[in-house]
Amino acid sequence: MRLALSLSLLLALSMAGTVTTSAQEKLSAIQILERMDTKINGNEDQDMDVTLTVIDTDGSEKSYDFNIKQKGNDKRLIRFNSGELKNMSILTMNQDQVYIYLPGYKKVRRVASHNMSQSFVGSDFTNADMATASFLEVYDPVLEKEDEAFWYLRLTPKPGKDTGYASLLTKVGKKDFLQWQSDFFDEKGTHVKRFAASQPKLFPGTTAEWHSHIELSDPRTGHKTTMKVNALKLNQGLKKSMFTTRYLQWAK
Amino acid sequence: MRSFATALLVAFLFTSPARGQSLADMIDFSGYIESDTRMILDNYRGLNPGGFGDLELNRNEVNLRLGINPNDQVRAVVDTRLRYFGFSQAEQLPDLIERAKVDPYSIYLDEAYFAARGVIFSNLDLRIGRLIQNWGAVDQFNPTDNLNSRDLSDPLDFTKKVPNQMVEMSLYPAEWIDLTVVWVPVFKPAQLPPSANLAFAVEYDQAGCFKKAPIPPLSRPQMAELVDYFGSLDPCSMHFIDPQVRVLDPGRNIADSQAAAKAKLYLGPLDITLSYYYGRFGFPAAYTAVAYATPRMDEPGAQDIEYIAEVTYPRMQVAGLDFTYSADWLFGMGFMGEIAVIFPEQVDFGLRAFRGKALEIDMAHTNIPSDPFVKGTFGMDYSLPFGLYLNVMYVHGFFDEFNDMYGLHDYLVAATEFKFFDDELAFRLAGVWDITQRETGTFTPTVTWVIVPSVEIQATGIYFIGDVDPPETDGFSTYDQKWRFGQKAAGRNVASLRGRITW
């Protein structure tokens with residue numbers, strides 16, 4: 001059930017200052033999605049501190065702080081810095097190889113793929129969302145409409161890809177090739193989830209603004225989860241060895 | 001510990017903080033405070049009848065874990081617990097002036113080690129100090145995991161280990177293989193649960209007459225002879241002095257140390273580990289028992305019986321293999337397995353009984369044969385979309401079984417967890433069923449409520465299924481007939497209320 005909205009969407013970043021593509025450029029739906037993928041995963045590496053807040057329908061909230069390190073578009077390391085899960089780490093070596101370090105047991109354990117469909121600490125994100133995902137690998141895009149500022153792509157899962165959704169309507173910025181909003185629909189056509197990115201911010205050491213706020217909500221219930229990017233570093237030269245079980249053992 | 005402290009000092013003196021690294025980057029600090037109160041829920045599993053409603057535990061614990069990273073090649077970790085037991089141990093008036101008696105506590109050093117990465121070769125890591133190793137792929141029942149003995153001081157948390165000083169060297173020659181070698185200079189045995197004493201307890205009836213003694217690991221004909229002998233004695237004439245069970249020191253020679261090696265292979269959806277261990281089994285095996293009967297001067301016909309037993313830790317070699325496999329073609333189910341071929345040292349059990357100076361009983365039987373035997377665990381886990389998690393395992397040989405006269409049993413271990421309200425409430429049911437004996441098992445329900453992140457309350461407990469007395473054939477029981485979980489040595493039925501804050 002990979003939403004493919006993925007945490008990479010945190011990095012669906014409005015690099016407004018560097019945009020060179022003109023709105024007039026005629027691109028196919030695949031090219032648009034390809035450019036969006038490149039924008040999301042185009043950095044050598046990323047290192048960010050995030051606060052995730054789960055907001056229940058009654059307005060009650062709970063928050064967790066964690067750090068995310070990413071290299072390329074397939075390796076990711078998440079380490080919890082607060083809450084009852086503090087020091088738990090999740091290593092994604094690729095979509096099919098995920099390991100978790102459980103501090104209570106002092107053990108590194110491989111996570112089978114069934115676990116990827118589970119909620120990430122009770123939020124609207126799934127574990128699969130927290131792993132890296134390429135839209136183009138998972139979805140076939142069709143350009144449904146466009147206006148001056150955005151393309152609206154209808155994404156349907158490729159044959160054999162079980163995303164848990166029948167389709168997505170994704171709003172891609174014409175100036176920045178970023179995913180500004182995605183609406184998720186089930187088999188019955190019911191609108192079941194919305195992703196929205198906002199609050200562009202220039203983080204120290206970066207050359208362009210990045211969205212610092214992501215909201216994922218369930219329009220049926222009002223349940224939502226926000227992610228706030230507190231700190232962001234790009235292209236720090238994170239070593240590949242950091243994304244191995246060796247590092248999980250080391251940092252425990 | 002002096003060598004560890006020296007290593008730590010050297011690490012700090014000769015490694016400079018990485019450029020731009022702040023103190024906050026160098027230090028990570030975490031821990032928890034936990035309070036645990038337990039109530040006994042049975043009247044029949046203690047040494048004497050009664051006890052329902054008594055508090056079994058009233059424990060408070062503070063955990064502090066400090067990690068120090070002067071640079072990205074060096075790391076030191078200290079993980080310690082301060083545990084207050086919550087029951088006064090004062091028995092005499094002078095005890096009341098001692099704080100340690102009035103409010104007893106223990107300090108645990110769970111880990112204290114120094115690690116260096118990329119030493120000599122860039123792909124070589126070293127860890128030296130007090131460590132806990134967790135080998136194996138399956139959950140909790142790992143026959144290939146033998147470097148640290150179990151800490152069963154808390155029957156509700158049998159995953160804990162007794163830490164030990166060791167040297168670990170890990171080599172990472174390629175992405176698809178890790179190699180690890182560990183040397184543990186001195187063997188440390190498992191810490192047994194408080195109920196373990198009951199395995200060697202002598203029981204009396206309400207009239208104070210001898211009722212039951214520990215069943216020794218002897219053959220059925222030998223047991224029949226023993227029962228005949230004791231049957232000829234007046235049970236009300238036997239006054240057992242508190243039995244002594246002596247633990248044979250495994251020794252501190254280099255040959256008594258432990259060593260292990262493993263190679264972990266990453267083969268796409270399959271991870272496989274091959275391992276080897278040389279050392280000792282962490283649980284004690286019955287070795288000798290001697291009873292001395294001495295006529296009582298003050299009570300004609302009666303006799304004092306001194307009962308002294310010895311337990312030992314048999315040497316063993318273990319060749320192991322474990323795997324985890326994620327079956328994408330089968331709903332993404334996870335499969336895991338672990339198999340260990342154990343080559344044990346033979347242990348012969350001897351029993352003698354003296355009346356005065358006369359040797360009246362002299363029996364011996366092989367308790368643990370030297371034949372290799374197999375222990376294994378195979379399991380699967382699966383998560384359903386609505387928050388239900390299921391884990392089922394088949395276990396051949398419980399973690400304290402060693403192919404002695406008790407044998408190796410087969411078990412079904414199952415756990416299911418259901419999370420509600422954004423994971424704030426979790427309901428978990430876990431159980432172990434002895435397939436071999438069929439009428440014994442454990443049942444553990446747990447409700448966990450995360451009140452706010454970092455703060456959780458947990459209500460849990462354990463219930464033992466099975467008769468406390470083993471079945472009798474021809475009027476007596478043998479060693480292998482003891483109910484796995486029914487016997488009193490397994491522990492009391494308890495309910496626990498815990499609170500924990502994590503930082």
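Chain B of this predicted model contains 4 helices and 26 strands. Its radius of gyration is 25 Å, close to the 23 Å that the globule rule gives for 503 residues, so chain B is as compact as a globular protein of that length. Along the principal axes, the C-alpha atoms of chain B fill a box of roughly 85 × 50 × 50 Å. Buried residues account for 33% of the 503 residues in chain B. Among contacts in chain B with a separation of 6 or more, 61% join residues 24 or more positions apart.

The largest nonpolar core has 46 residues, of which Tyr113(B) and Ala285(B) touch the most other members. Strand 14 (285-295) of chain B is one of the elements that give two or more residues to this core, and its share, 6 residues, is the largest. Leaving aside residues up to four places away in sequence, Tyr113(B) touches Val77(B), Arg127(B), Ile128(B), Gly129(B), Arg130(B) and Leu131(B). Another core, of 28 residues, lies apart from the largest one and includes Leu52(A), Val98(A), Leu216(A) and Leu232(A).

Where the chains meet, 32 residues of chain B are in contact with 26 residues of chain A. Strands 4, 16, 17, 20 and 24 of chain B each give two or more residues to the side that touches chain A, and strand 20 gives the most, with 3 residues. The composition of that side is tabulated below by class.

| Class, side of chain B touching chain A | Number |
|---|---|
| Nonpolar | 11 residues |
| Polar | 10 residues |

Note on methods: Residues are numbered from 1 along each chain as its sequence is written. Chains are lettered from A and ligands numbered from 1 in the order in which they are written. This is a predicted model: local features need pLDDT of at least 70, side-chain atom pairs count only at pLDDT 80 or more; totals for chains, interfaces and linings use all residues. Two residues are in contact if their C-beta atoms, placed from the backbone, lie within 7 Å. Ala, Val, Leu, Ile, Met, Phe, Trp, Tyr, Cys and Pro count as nonpolar, Asp, Glu, Lys and Arg as charged, and the others, Gly among them, as polar. The radius of gyration is taken over C-alpha atoms; the globule rule is 2.2 Å times the number of residues to the power 0.38. A residue is buried if 20 or more other C-beta atoms lie within 10 Å of its own, exposed if 12 or fewer, and partly exposed in between; C-beta atoms are placed from the backbone. A nonpolar core is a set of buried Ala, Val, Leu, Ile, Met, Phe, Trp, Tyr and Cys residues joined through C-beta atoms within 7 Å.
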